[in-house]
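Me: I am new to this structure and want to learn how to read it. Please take me through it one feature at a time.

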Amino acid sequence: MYPRPSRSLRVTYRHGARPRHDDRIGHVYAGRWLAEHCEAADAIIDPFDWAQFYAGRTLYRVPPNPDAPRAVYAVVEEGKTSSPRSKLPHYETAMNLARHGQPVYQWPNSGRENGTRVVVYKVVY
């Protein structure tokens, strides 16, 4: 018979078995969508930098946006009344673009009443 693991090992394993940043899954899917639909001449305003990362744009550094982009994509979280993330550097820019843009992707794609939605807005110039 194998020795029983210590309590601290069991707690560590239980905590380690959960997916990391499971509240960021919407940003993963938004990033995959951006990777398929966004061109190199397009700009992405993502105050969280998660969707850009999963789109493959910020693997090593955050690249500057083009000077005259064809389109600008803004990644926002909706469904929260207040968020500590509202202090992020590009948060207000993304929210302003969302007010003037058209939603092109949302996760979850069903009309979930509770919880946060990740929405990608597109503004064409």
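Me: What is the relative accessibility of E39, and how does E39 count?

Reply: Start with the scale. Buried means under 20% relative accessible area, exposed means over 50%, and partly exposed is in between (1.4 Å probe, protein chains only). E39 has 46% relative accessibility, so E39 counts as partly exposed. Keep in mind that this is a predicted model: local features need pLDDT of at least 70, side-chain atom pairs count only at pLDDT 80 or more, and totals for chains, interfaces and linings use all residues. Numbering runs from 1 along each chain as its sequence is written, and side-chain values use heavy atoms, leaving out hydrogens and water.

Me: Which residue meets the side chain of E39 in a salt bridge?

Reply: General idea first. Side chains of opposite charge can pair when their charged atoms come close. The rule here asks for a side-chain nitrogen of Lys or Arg within 4 Å of a carboxyl oxygen of Asp or Glu. E39 meets R70 in this way, at 3.7 Å from N to O. E39 sits in the loop between α2 and β1 and R70 in the loop between α3 and β2, so the pair ties together parts 31 residues apart in sequence. The helix and strand names come from DSSP runs, numbered from the N terminus: helices are H or I with at least four residues, strands are E with at least two.

Me: Which residues are linked with E39 in a network of salt bridges?

Reply: D42 and R70 are linked with E39 in the network. The side chains of R70 and D42 meet at 3.0 Å, N to O. This pair also links distant parts of the chain, 28 residues apart. R70 is partly exposed at 37%, whereas D42 is buried at 0%.

Me: How many salt bridges does the rule give?

Reply: The count comes to 3. One of them joins E78 and R117, at 3.6 Å from N to O. E78 lies in strand β2 and R117 in strand β4, so this pair ties together parts 39 residues apart in sequence.

Me: What is A41 in contact with, leaving aside its neighbours within four places in sequence?

Reply: Contact means heavy atoms within 4.5 Å. A41 touches P66, P69 and R70. A41 lies in the loop between α2 (25–37) and β1 (43–45). At 40% relative accessibility, A41 counts as partly exposed.

Me: In which sense do β1 and β2 pair?

Reply: Two strands pair if DSSP finds at least two bridges between them. β1 and β2 are parallel, over 3 bridges. I44 has Y73 in β2 as its bridge partner. β2 and β4 are antiparallel, over 8 bridges.

Me: Which residues of helix α4 are buried?

Reply: They are Y91, A94, L97 and A98, in a helix that spans residues 91–100. They cover an arc of only 130° around the axis, so they lie on the same side of α4. That arc is taken from the directions from the helix axis to the C-beta atoms. The face turned away carries the exposed residues R99 and H100. The cover over the buried residues of α4 includes β1, β2 (71–78) and β4 (117–124).

Me: How many aromatic pairs does the structure hold?

Reply: A pair of aromatic rings is described by the distance of the centres and the angle of the planes. Rings of Phe, Tyr and Trp (its six-membered ring) pair if their centres lie within 6.5 Å; planes under 30 degrees apart count as stacked, over 60 as edge-to-face and the rest as tilted. The structure holds 5 such pairs. Y29 and W107 are stacked, 5.8 Å centre to centre with 15° between the planes. Y29 lies in helix α2 and W107 in strand β3 (residues 102–107), so the pair ties together parts 78 residues apart in sequence. Y29 is partly exposed at 32%, and W107 is partly exposed at 23%. Ring pairs also link W33, Y73 and Y105 into a cluster.

Me: Where does pLDDT stay under 50?

Reply: pLDDT is the predictor's confidence in each residue, from 0 to 100. Where pLDDT is low, the predicted coordinates should not be read in detail. Residues 9–13 stay under 50, with 2 contacts beyond four places in sequence. The protein averages 81, and 74% of the residues score at least 70.
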